[in-house]
Amino acid sequence: MAKVRGAVVVDKEGCKGCALCVEACPEDVLALNKDVNSRGYHYSYMENPEACIGCANCGVVCPDTCITIYRVKV
Amino acid sequence: MDIKEIIKPENLVYSKSKVQIDTITHYCPGCTHGVVHKLISELIDEMGIQEKTVGVAPVGCAVFAYNYIDIDWQEAAHGRAPAVATGIVRLNPDKFVFAYQGDGDLASIGAGEIIHACNRGENILVVFINNGIYGMTGGQMAPTTIENMVTSTTPCGRDHERNGYPLKMTDLVAQLPGTSYVTRQSAQTAASVRKCKRALKKGIQNVLDKKGTSFVEVVSTCNSGWKLTPVQANKWMEENMFPYYPLGDMKDSEKGEPVSNN
């Protein structure tokens, strides 16, 4: 079976740290960063990038549309 | 494989729509307005109707929608979005016109306008964001506030003896002969967002086919008004709002049929 690898790019400044993407991720890839962006929000980032399958669930639920998703078959 | 090898333009599967303006919204973190704005932008982009779309913005949190979606907009007085949309679509029958309203706007001060616009079967799409509260003005009770829900004007919870019963606008307009497609959706999980997008697409298509009024309610959260985190607000909505506002299509027929399907 072909393995699928994905990658998530979060627009750090656009993220408001609502954590809906963290909740939506089926592979527990995303988490909220301990650091904050310039507006004081704990932005989302890939804590566990190896597990990402590029399902796009995080991007679909993001209310601020700050997530871009890439996917490749390996 | 390194992450940098995956992040290439040819591997792109999901990104912001071109119709959505690249700016930071004023909405609170986790607000459902952002999701619905995104879905509308994506559909306008996919269906290639950016040039012929006119949105009518409400009074409420979505009053600044014109800053976020790159189409023609008209701002309406409180609750009057369906009346303004009627005027626009009657003068420009080839345009795709939609009214975007919240529950404080549509279900209280605009209740008359929406009932009559739907009854006349105006060729518009109405997007109804129902979060059961007046979010913009500080979380007061709205007509759609469910029973026992605590708001800033009902600190002991909504009591039907004192405050009346929650108003199910979608069920009401489904009874009117002018409507063609009436549905209630939500946007809290990836599956429900995708389902909501299909419903909005059907609503837009019905308007383009001149079938009559399409009405899409999105049961939403107002986490700042409900005093919950975005994740808790979604759970609260699933547990408390969905039993009173069950999701699904209420009506899917041609204009002129008097009774809803259910």
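**View 1. Ile69(A) and Tyr14(B) form a bridge across the two chains.** This is a predicted model, so local features need pLDDT of at least 70, side-chain atom pairs count only at pLDDT 80 or more, and totals for chains, interfaces and linings use all residues. Residues are numbered from 1 along each chain as its sequence is written, while chains are lettered from A and ligands numbered from 1 in the order in which they are written. The bridge belongs to S4(A) and strand S1 of chain B (residues 12-14), an antiparallel pair with 2 bridges. (Strands pair if DSSP finds at least two bridges between them; strands are DSSP runs of E, at least two residues, and helices are runs of H or I, at least four, all numbered from the N terminus.)

**View 2. Zooming out to the side of chain A that touches chain B.** Here 29 residues of chain A are in contact with 28 residues of chain B (contact: C-beta atoms, placed from the backbone, lie within 7 Å). Strand S1 (4-10), helix H1 (20-24), helix H2 (57-61) and strand S4 (67-73) of chain A each bring at least two residues to that side. S4(A) has the largest share, 5 residues. Sorted by class, you get 16 nonpolar, 8 polar and 5 charged residues (nonpolar: Ala, Val, Leu, Ile, Met, Phe, Trp, Tyr, Cys and Pro; charged: Asp, Glu, Lys and Arg; polar: the others, Gly among them).

**View 3. An open, mixed sheet of 7 strands runs through chain B.** The strand order is S3-S2-S4-S5-S9-S8-S10. From one strand to the next, the twist averages 15° (axes are lines fitted to C-alpha atoms, for helices over the stretch in contact, and angles run from 0 to 180 degrees between N-to-C directions). S8(B) (179-186) and S9(B) (213-219) run parallel with 7 bridges, and Val182(B) stands opposite Phe215(B). Helix H3 of chain B (residues 81-91) lies across S2, S3, S4 and S5 of that chain, at about 175° to S4(B).

**View 4. S5(B) is mostly covered, with 6 of its 6 residues buried.** (Buried means 20 or more other C-beta atoms within 10 Å of a residue's own, with C-beta atoms placed from the backbone; 12 or fewer is exposed, and in between is partly exposed.) One side carries Leu125(B), Val127(B) and Ile129(B), the other Val126(B), Phe128(B) and Asn130(B). In a regular strand, side chains alternate between the two faces of the sheet. S5(B) pairs in parallel with S4(B) through 5 bridges, where Phe98(B) stands opposite Leu125(B). It also pairs in parallel with S9(B) over 6 bridges, and there Phe128(B) has Glu217(B) as its bridge partner.

**View 5. The largest nonpolar core holds 91 residues.** (A nonpolar core is a set of buried Ala, Val, Leu, Ile, Met, Phe, Trp, Tyr and Cys residues joined through C-beta atoms within 7 Å.) Val61(A), Ile124(B) and Val127(B) have the most contacts inside this core. Helix H8 of chain B (190-208) gives the most to it, with 7 residues. Leaving aside residues up to four places away in sequence, Ile124(B) touches several residues, including Pro82(B), Val89(B), Phe98(B), Val207(B) and Thr213(B).

Technical notes. Two residues are in contact if their C-beta atoms, placed from the backbone, lie within 7 Å.
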